[in-house]
Amino acid sequence: MENGTIKKKAAPRRKAPARPKSLYSQDELKEIFRRFSIQRPEPKGELEHVNPFTLVVAVALSAQATDAGVNKATRALFKVADTPEKMLALGEEKVRDYIKTIGLYRNKAKNVIALGQMLVDRFGGEVPRTREELVMLPGVGRKTANVVLSMAFGEATLAVDTHIFRIANRLRLAPGKTPDEVEDRLIRIIPDEYLYHAHHWLILHGRYCCKARRPECEHCIIADLCKSPEKTCDVPAPLVELPPQLFGPTP
Ligand code: SF4
């Protein structure tokens, strides 16, 4: 006690948990993304859309649904309603009919109408171009906002979906417990020149090669670089760390 006042004891500082790092060197990361860029020079998302509005709707509908399933439903929907105004004129009940093959369609139909309403009321019928504004829209979270910023407005963002989350952790590329953690780490380790397409490369790699149940390592173009303990082929991974004295002087 000092001058009649009780001095508060400072709370003990908690040690921040060690952040798991990428197992890959900068050169290895460059090589991984260089190969993706050769394999798919112009990767495209597989969700069909005709403008930023239909893209927002398609991405919002794709939560817990496959792109193919969403495309099947939206092909007919977007023919009659490709703007917020037309979607509002169509009304919730009819939207529900168009998308009833998609999981959680009742809730999603409600969101599509609420989304159209907000675009008309607050944004003059246009899809906004900032993440802060996009996530204000009903049914639009950070992942959807990132996809829209990248695909509609050409921004280098990285929306972590189930495939990217799996690959980042499985390969020890950017391990993290949540999509936000993985996004943050991937953005920091992916070489700048590859960031714009990285989102699609990783999704397509996860969808067609590094699959959830059994990765098809025997067909994988980065098998020799991959350090995943789940790798199923016998292409050896590079050693994680090689002491510099193993190498002779560079010419
Ligand atoms: S080698 Fe196998 S585990 Fe590694 S990235 Fe390729 S498919 Fe995935």
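This is a predicted model: local features need pLDDT of at least 70, side-chain atom pairs count only at pLDDT 80 or more; totals for chains, interfaces and linings use all residues.
Student: Where in the protein does the ligand sit, and which charged residue is around the ligand?

Tutor: The ligand takes up the space of the largest cavity. The shell around the ligand has eight nonpolar residues, one polar residue and one charged residue. The residues there include Leu-171, His-205, Cys-210, Pro-215 and Lys-231.

Student: How are helix α1 and helix α11 oriented to each other?

Tutor: Helix α1 covers residues 26-39 and helix α11 covers residues 192-208. Their axes are 10 Å apart and the packing angle is about 70°. Angles of 65 to 115 degrees count as roughly perpendicular, so α1 relative to α11 is roughly perpendicular.

Student: Which class of residue has six members in the contact of α1 with α11?

Tutor: On the α1 side, Phe-33 and Phe-36 are among the residues that take part, and on the α11 side Trp-201 and Leu-202 are among them. The contact also has two polar and three charged residues. The class with six members is nonpolar.

Student: At what angle do α9 and α11 cross?

Tutor: Helix α9 spans residues 162-170, and its axis comes within 8 Å of that of α11. The pair counts as roughly perpendicular. The crossing angle is roughly 85°.

Student: How many charged residues are in the contact of α9 with α11?

Tutor: His-163, Ile-164, Arg-166 and Ile-167 of α9 take part, and the α11 side includes His-205 and Arg-207. By class, four residues are nonpolar and four are polar. The number of charged residues is two.

How values were computed:
Residues are numbered from 1 along each chain as its sequence is written. Side-chain values use heavy atoms; hydrogens and water are left out. A residue is near a molecule or strand if one of its heavy atoms lies within 4 Å of it. On a 1 Å grid over the protein atoms alone, a cavity is a set of points where a 1.4 Å probe fits but cannot get out, and a pocket is an open set with protein on both sides within 12 Å along at least five of seven lines; lining residues have an atom within 4 Å of a point. A molecule sits in a cavity or pocket if more than half of its atoms lie within 2 Å of its grid points. Ala, Val, Leu, Ile, Met, Phe, Trp, Tyr, Cys and Pro count as nonpolar, Asp, Glu, Lys and Arg as charged, and the others, Gly among them, as polar. Axes are lines fitted to C-alpha atoms, for helices over the stretch in contact, and angles run from 0 to 180 degrees between N-to-C directions. Helices (H or I, at least four residues) and strands (E, at least two) are DSSP runs, numbered from the N terminus. Angles under 35 degrees count as roughly parallel, over 145 as roughly antiparallel, 65 to 115 as roughly perpendicular and the rest as oblique. Contact means heavy atoms within 4.5 Å.
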